[in-house]
Structure formats: C-alpha cells, structure tokens
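Visitor: I am new to this one. Please take me through a single part of it, up close.

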Amino acid sequence: MAHDKTLEAVIDAIDVNAAVPVEEPMRQYYYIKKCRQIVEEKKASLGRKLTAAVITFGCQMNARDSEKLTGILELIGYEVTGNENADFVIYNTCTVRENANTRVYGRLGQLKKIKSTRREMMIAMCGCMMQEPEVVEKIRTSYRHVDLIFGTHNIFKFAELLYSRFKSRSMIIDIWKDTNQIVEDLPVDRKYSFKTGINIMFGCNNFCSYCIVPYVRGRERSRAPEDIVREIKKVVSEGVVEVMLLGQNVNSYGKNLENPITFAALLKEIEKIEGLRRIRFMTSHPKDLSDELIEVMRTSKKICRHLHLPLQSGSTRILNEMNRHYTKEDYLELVRKIKTACPDISLTTDIIVGFPGETEEDFLETLDVVEKVRFDSAYTFIYSKRTGTKAAAMENQVPEAVVKERFDRLLNLVQTISAEVTMRDTGKVMEVLVEEQNDHDASLVSGRLSNNLIVHFPGSTDLIGKIVSVSLDECKGFYYMGHMV
Ligand code: SAH
Ligand code: SF4
Ligand code: F3S
C-alpha cells in the first residue's frame with residue numbers, strides 16, 4: 001500500500017544529527033529515519049532489497065498491532081512479505097489459550113533452521129505472550145536466536161528498539177508492566193484498502209476468572225472520541241468503506257475519559273461520517289450492553305446486522321465463578337431485546353467448555369441457551385488453564401475425557417443450528433462488500449453480507465472494495481453462492 005505522503009514529508013524533514021526528540025510520536029519518526037539509513041546501507045552492501053514478515057497469532061487487536069508494525073517497517077525501507085524466509089521476521093504472539101503458545105514455540109524452532117542459512121536474518125517477538133515473565137525467561141535462555149523482545153505496552157517504540165538492536169550485538173529485551181500512554185499518529189499499513197480495524201480502547205478491567213488478557217494487555221483505557229473520528233475520516237478519505245471498532249469490551253468505552261461518553265454516543269458520531277458505509281464492532285460484554293446501544297443499532301443505517309455476544313457458559317453458577325456479572329436469564333433477556341429491536345440480526349458467541357467445577361447439569365444449561373438463542377455461529381473453546389488467573393488456582397478441574405465429550409456434543413449442536421439459521425436468507429437479494437478474488441475459482445469473487453456471512457459469486461476483481469447487490473441463490477452450510485443483480 002502507498003505510504004502516507006504527509007508522514008513521509010515529516011520524516012524527510014527530520015535532522016538525524018539533532019538531539020533525539022522527547023515527545024511522541026516525533027521521537028519514533030526520528031528513529032524511523034535513523035533505521036532507514038541503516039537499512040539503506042545494508043541494501044547497498046548486499047546489492048538487494050531487504051524483506052520483512054510480520055506473523056500474527058492472535059485476535060483482531062493483535063492483527064491491528066501487526067498493521068502498525070508493518071507501517072513502521074515499510075517506512076524504514078523493508079519490503080514486507082508474508083514469507084518467513086525473510087531478513088526480518090516478527091512474531092506477534094497470543095497467549096489466551098495454551099495451544100496459542102505451543103504454536104509459537106513450534107514455529108520459532110523452525111525459524112532457527114532458516115536463520116542458520118541467512119546470515120543477515122533478525123527475529124523479533126512481541127505481543128501478549130511477551131508480557132509473561134516466564135515466557136521471556138524461556139526465550140532468553142532456550143531460544144538464543146531471537147534478537148528483540150518487546151511487549152504490548154511499548155509496541156509504539158518499535159523503531160527505537162530496532163535501532164538499539166542495530167547498534168548492539170546482544171538480544172534486546174524491553175517489557176513494560178503497564179502503561180496509561182496512548183501514542184497517536186503512528187504509521188499503519190492496512191491489509192485491505194477498503195476495510196480496517198480501528199482501536200477505540202486498549203486493555204481490559206473485567207478479570208473474568210479464566211482470562212489472561214487483563215494481565216497481558218493492562219488496564220482499560222479509551223481513546224478520545226475526536227482522535228477516533230479523525231482517524232476514521234482519514235481512512236475513509238483513502239477509500240475505506242467499512243470499519244471494525246476494536247476493544248476487549250467496547251460497551252464500557254469512554255467511562256474512564258476525562259469527559260465520559262458512552263459507546264452508543266460514539267457510534268452516533270461515527271455514523272455521521274460521510275462516505276463510511278458499514279460499522280462493525282467487537283467485542284461486546286453482555287453485562288454492559290445498554291438499551292441506548294440497542295436503540296442506536298435499531299435506527300442506524302450503517303451498523304452491521306451482526307452482534308458478537310460472548311456467552312461463555314449458560315450456567316448462572318459457572319458464570320458467577322467466571323466473574324461475568326450476568327445470569328443465564330439476563331443473557332436470554334438481552335437476546336430477546338436485541339432480536340425484538342433488530343429482527344434480522346445475526347448473533348454469534350464464544351463458549352468455554354470444562355471451566356473448573358462444571359457439572360453435567362451446568363453443561364446442559366449451556367446447551368439450553370444455545371438451543372434457545374440459535375446462534376448463527378459459535379466459537380467453542382476447551383478451557384485452558386492460564387497461570388496467574390483466579391481459575392488456575394481452582395481445585396476442581398474437570399477431567400480431560402469429560403471435557404472432550406462435552407465439547408463434541410456442543411459442537412454438534414452448534415453446527416446443526418448454524419446450518420439451519422444460515423439458510424434463512426436463501427433467495428433474497430442483499431448487499432455484499434466484495435473483499436477478494438475466490439481462492440479456488442478465479443472467476444468468482446467473495447464478499448460479506450452485513451450480517452458477516454460470506455457470499456461467493458461470479459465477478460471480476462475490479463469489484464473489490466465495492467458494495468453490490470447479490471441474489472443469495474444457494475446456502476452451502478456457512479456460506480452462500482449467488483449472482484449479482
Ligand atoms: N474480550 C473478549 C474476549 C477475548 S478472548 C470478551 O470478553 O468477549 C476470546 C475468547 O477466548 C473469550 O471470549 C473466551 O471464550 C476465550 N477464552 C479466554 N480465555 C480462555 C481460557 N483460559 N480458556 C479457554 N478459552 C478462553
Ligand atoms: Fe478476558 Fe473477560 Fe476481559 Fe474478555 S472481558 S478480555 S474474557 S477478562
Ligand atoms: Fe490473544 Fe492477546 Fe488477543 S492474548 S486474544 S492476542 S489480546
């Protein structure tokens with residue numbers, strides 16, 4: 001993607017021989033320029049370009065961070081590719097469940113082999129896993145081929161840290177325990193030209209008893225509404241038509257601002273932005289989903305007909321142990337209100353199976369909610385014990401075989417219902433935002449409905465980024481085949 005021309009000009013004007021600026025983001029612009037000089041020298045001496053790859057392991061917030069890293073790398077002069085056989089590889093890690101960590105260590109082992117054949121290669125590790133001291137210790141001692149480690153709170157310092165690594169021979173480790181700083185106006189390279197994630201808040205204060213996110217992402221902090229609106233206006237002027245507002249609990253947006261504002265009020269402001277066609281957000285915590293928000297969703301022309309509303313469990317007793325602050329009945333009542341206000345809404349959810357102490361009766365309550373709500377889809381997870389969380393210390397962990405058996409039953413139910421619910425729009429004509437050429441058949445393009453379902457239909461690549469009307473001819477389980485009308 002093209003660089004931001006004004007940012008280019010600001011960086012070009014920087015005098016690298018002057019004192020290092022103290023203020024952000026100027027300080028990082030300065031280091032981007034310093035790194036750029038080093039990369040230019042390396043390129044000249046090698047007689048070729050330098051490549052970099054940012055690999056994302058986590059959620060949408062993690063992916064958005066990767067876009068920020070990519071934006072910085074491009075300004076520094078790297079050609080960013082998806083291929084790990086590169087001069088600089090950055091792993092942006094996730095630690096929400098144990099298997100996320102296992103994947104990272106596996107890939108890091110593979111990378112050692114590549115590095116042994118590439119003399120110039122550098123490896124950086126960042127993201128949520130790096131906020132766990134035992135992880136950093138393990139990498140420091142057992143993965144000596146890593147060059148740079150930083151965390152979630154100082155990601156904005158990437159250029160400065162990279163410069164330190166260029167100047168030093170040893171592994172650089174810089175982890176902050178927490179921060180209340182939000183650095184605006186750093187470069188970002190968007191993966192898609194027509195849609196993008198927008199952070200509206202960082203961190204989480206909820207401390208659900210199973211969850212590590214509050215420990216690795218720090219306390220909740222909201223961006224100022226003016227900064228959010230300014231960013232969205234800018235990306236819209238560059239061709240973006242759909243934004244996904246990101247936060248661990250968007251429904252508590254704005255509470256800690258100097259001039260408090262609700263998430264619903266923020267949405268109303270964003271709705272006014274001309275040229276913006278679709279607004280999505282994630283994630284909504286049921287405990288904070290207000291009537292005001294439901295009303296804004298009901299009347300909005302731009303908010304998509306999709307709500308991701310994590311249930312976690314259908315048992316009030318387990319929800320209490322999870323520290324979720326709602327009951328089974330609260331959740332069902334919330335769903336009733338939302339479906340009344342927006343009958344065509346698609347509801348999706350997250351469910352954890354095997355939380356400590358979960359009995360067969362508790363599990364049946366979860367199945368009951370799934371049957372009553374009839375989710376369009378549900379992400380089902382096996383409970384994973386995260387060191388340091390309250391649930392990890394609970395004694396009554398459920399045996400693996402029992403969890404596995406419950407998980408299979410849940411998945412079965414979820415999939416059966418999903419196939420039935422998904423079909424409901426067969427034969428209708430709906431708007432699709434075209435996202436890409438189909439992977440398997442180049443004569444097709446693929447896009448999304450407002451309710452987030454995927455539709456494949458015959459069309460050419462110049463439709464990408466456009467919103468077109470498509471007849472939904474046939475439902476194939478979790479996607480549609482259609483044709484443009
Ligand atoms: N902030 C979001 C969730 C972020 S984590 C929210 O509150 O909804 C995404 C999902 O991972 C969670 O909804 C939960 O279902 C799952 N998850 C989190 N911690 C987990 C754990 N220890 N074991 C299994 N699943 C977990
Ligand atoms: Fe984790 Fe709960 Fe925060 Fe979501 S709301 S990130 S599940 S602690
Ligand atoms: Fe994973 Fe961190 Fe997101 S732990 S789910 S990448 S906030």
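Does Tyr78 count as buried or exposed, and why?

Guide: Tyr78 counts as buried because its relative accessibility is 6%. Buried means under 20% relative accessible area, exposed over 50%, and partly exposed lies in between, with a 1.4 Å probe and protein chains only.

A word on the ground rules. This is a predicted model, where local features need pLDDT of at least 70, side-chain atom pairs need pLDDT 80 or more, and totals for chains, interfaces and linings use all residues. Residues are numbered from 1 along each chain as its sequence is written, chains are lettered from A and ligands numbered from 1 in written order, and side-chain values use heavy atoms, without hydrogens and water.

Now the rings. A pair of aromatic rings is described by the distance of the centres and the angle of the planes. Rings of Phe, Tyr and Trp (its six-membered ring) pair if their centres lie within 6.5 Å; planes under 30 degrees apart are stacked, over 60 edge-to-face, and the rest tilted. The structure holds 16 such aromatic pairs.

Tyr78 pairs with Phe88. The centres are 5.7 Å apart, the planes stand at 50 degrees, and the pair is tilted. Tyr78 lies in the loop between α3 (60-76) and β2 (79-80), while Phe88 belongs to strand β3 (residues 88-93). These two residues are 10 apart, and their pair links distant parts of the chain. Helices (H or I, at least four residues) and strands (E, at least two) are DSSP runs, numbered from the N terminus.

Phe88 counts as buried because its relative accessibility is 1%. Phe88 also pairs with Phe158. This pair is stacked: 6.1 Å centre to centre, with 20 degrees between the planes. It bridges distant parts of the chain too, since Phe88 sits in β3 and Phe158 in helix α6 (residues 158-167), 70 residues apart. Phe158 counts as buried because its relative accessibility is 0%.

Ring pairs join Tyr78, Phe88, Phe150 and Phe158 into a cluster.

The charged end of Arg97 sits over the ring of Phe381, 3.7 Å from its centre. Lys138 places its charged end over the ring of Tyr105, 4.0 Å from the centre. The test is that NZ of Lys or CZ of Arg is within 6 Å of the ring centre and within 35 degrees of the ring normal.
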